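Hi,

Here is the structure I promised to pass on to you. Have a look at it first, and then read my notes below.

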Amino acid sequence: MSEADRRHMALALSLARRGLGNTWPNPAVGCVLVNAGRIVGRGWTQPGGRPHAERVALAQAGDLARGATAYVTLEPCSHHGKTSPCAEALVAAGISRVVSAQTDPDPRVSGWGHTLLRAAGIAVDEGVLEAEARALQIGFLLRVTEGRPMLTLKLATSFDGRIATESGESQWITGPDARRWVHAQRARHDAVMVGGGTARADDPLLTVRGLGVARQPVRVVASRALDLPRRAMAASITQAPLWLLHGASASPSARGWWQDQGAQLLEVAETATGLSAPEMLRALGQAGLTRVFCEGGGQLAAALLDADLVDELVGFTAGLALGGTGRAAVAAMRPQSLAAFPRFDLASENRVGMDLMHHWIRRR
């Protein structure tokens with residue numbers, strides 16, 4: 001690949017990032033159109049998944065798209081859905097070359113977009129910055145290939161790994177800069193998820209605040225019996241969607257009350273200790289989510305780690321120690337050899353205000 005191809009695809013990937021958290025169930029895609037060395041069109045998938053990045057870029061370029069090269073972070077779609085295929089739109093616009101980062105694993109596309117372009121006489125080059133594109137779109141890829149969204153687990157702890165005092169006090173272990181960073185990450189995910197214990201202890205809003213976002217993430221609470229507080233979350237359903245994962249043991253009255261408030265209920269299989277973690281993520285994937293930001297607590301974190309369903313770990317460590325009576329960040333997990341526990345590779349570490357942030361990516 002040429003240096004120009006790398007540079008233009010890097011720009012397309014930066015555009016695609018603008019759609020993270022806003023495009024589900026569609027992927028966040030970026031597109032750059034270049035004609036005679038000049039960028040004539042740029043676009044990314046718009047909120048709700050429509051219009052697609054290619055169509056936004058083509059509309060911006062107009063007649064200048066004829067003879068241009070299109071840089072797209074995912075294979076252009078080739079199937080008819082709510083709109084006609086983007087591959088056909090590129091052909092109709094007179095694009096002469098398409099450079100894509102990766103093939104779309106969706107069975108409705110899966111190479112057919114590239115085939116359609118080549119059949120129309122368009123030169124196609126694949127795999128430019130593929131690793132970077134896969135990392136960016138891992139949530140969409142996992143939903144298509146494994147039926148579940150990508151999951152980021154965030155834990156804010158004391159120096160000695162505690163998330164609360166013995167009495168349950170946790171607000172605030174970390175400082176305001178760390179909390180603002182968390183709000184930004186909520187906005188880059190489709191959903192924010194907590195367990196029933198966290199909901200009962202904090203009755204959290206789980207919304208993005210202070211950033212002026214137009215689209216709130218879905219709030220997901222996992223509670224087998226739906227024995228949840230009915231104050232903050234219920235009062236804000238009109239502001240941000242609320243989905244409740246529950247088991248068959250949840251009472252009809254509890255189900256009815258939450259449905260009357262406007263919550264969406266998703267029943268999943270139960271285990272001896274709670275809800276099945278794989279079934280929870282499968283239900284969220286079937287509902288269209290591609291990126292979930294989980295904020296604990298300890299029981300839910302342990303269940304997700306135990307099932308090897310955590311793709312990224314984000315830890316905030318504060319400069320205080322709560323001692324052995326404090327509540328652990330991760331509850332007990334099933335006994336196994338050290339080698340059997342999932343490993344994560346350190347991606348970055350930064351100081352955020354007075355706290356240390358470390359970001360880890362699951363080793364694949």
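Predicted model: local features only at pLDDT ≥ 70, side-chain atom pairs only at ≥ 80, totals over all residues.

Let's start with the open sheet. Its five strands come in the order E2-E1-E3-E4-E5, and the pairing is mixed. E2 (38–44) and E5 (123–125) are the edge strands with a single partner strand each, so one side of each has no neighbour in the sheet. From one strand to the next, the twist averages 15 degrees. E1 (residues 30–35) and E2 run antiparallel and are joined by six bridges; in one of these strands, E2, Gly43 is the bridge partner of Cys31. Helix H2 (residues 53–61) packs on this sheet and touches E1, E2 and strand E3 (69–72), with its direction at about 140 degrees to that of E2.

Next, have a look at Leu90, which you'll find in helix H3 (residues 86–92). Is Leu90 buried or exposed? Its relative accessibility is 0%, so Leu90 counts as buried. Leaving aside residues up to four places away in sequence, Leu90 touches Glu54, Leu58, Ala70, Pro76, Ile95, Val98, Leu117 and Ile122. Val32 is 58 residues from Leu90 in sequence, and their C-alpha atoms are 12 Å apart.

Helix H6 (residues 138–145) has buried residues too: Ile138, Gly139, Phe140, Leu141 and Leu142. Their cover includes helix H5 (130–136), strand E6 (150–157) and strand E12 (291–294). After H6 comes Gly147, with a positive phi near 75 degrees.

Now for the rings. The count of aromatic pairs comes to three. One of them is Trp24 with Trp243, edge-to-face, at 5.9 Å centre to centre and 85 degrees between the planes. Trp24 is in the loop between helix H1 (3–17) and E1, while Trp243 is in strand E10 (residues 242–246), so this pair ties together parts 219 residues apart in sequence. Trp24 is buried at 16% relative accessible area, and Trp243 counts as buried at 7% relative accessibility.

Trp181 and Phe316 also pair: the ring centres are 5.2 Å apart and the planes are at 70 degrees, so this pair is edge-to-face. It links distant parts of the chain, with Trp181 in helix H7 (residues 176–187) and Phe316 in strand E13 (residues 312–317), 135 residues apart. Trp181 counts as partly exposed at 22% relative accessibility, whereas Phe316, at 1%, counts as buried.

Finally, look at Arg18: its charged end sits over the ring of Trp44, 4.6 Å from the ring's centre.

Cheers

Definitions and conventions: Residues numbered from 1 in each chain as written. Heavy atoms only, no water. Buried < 20%, exposed > 50% of the residue type's maximum accessible area, 1.4 Å probe, protein only. Helix = DSSP H or I, 4+ residues; strand = E, 2+ residues; numbered from the N terminus. Contact = heavy atoms within 4.5 Å. Pairing = 2+ DSSP bridges. Axes fitted to C-alpha atoms, helices over the stretch in contact; angles between N-to-C directions. Phe/Tyr/Trp six-rings, centres within 6.5 Å; stacked < 30°, edge-to-face > 60°. Lys NZ or Arg CZ within 6 Å of the ring centre and 35° of its normal.
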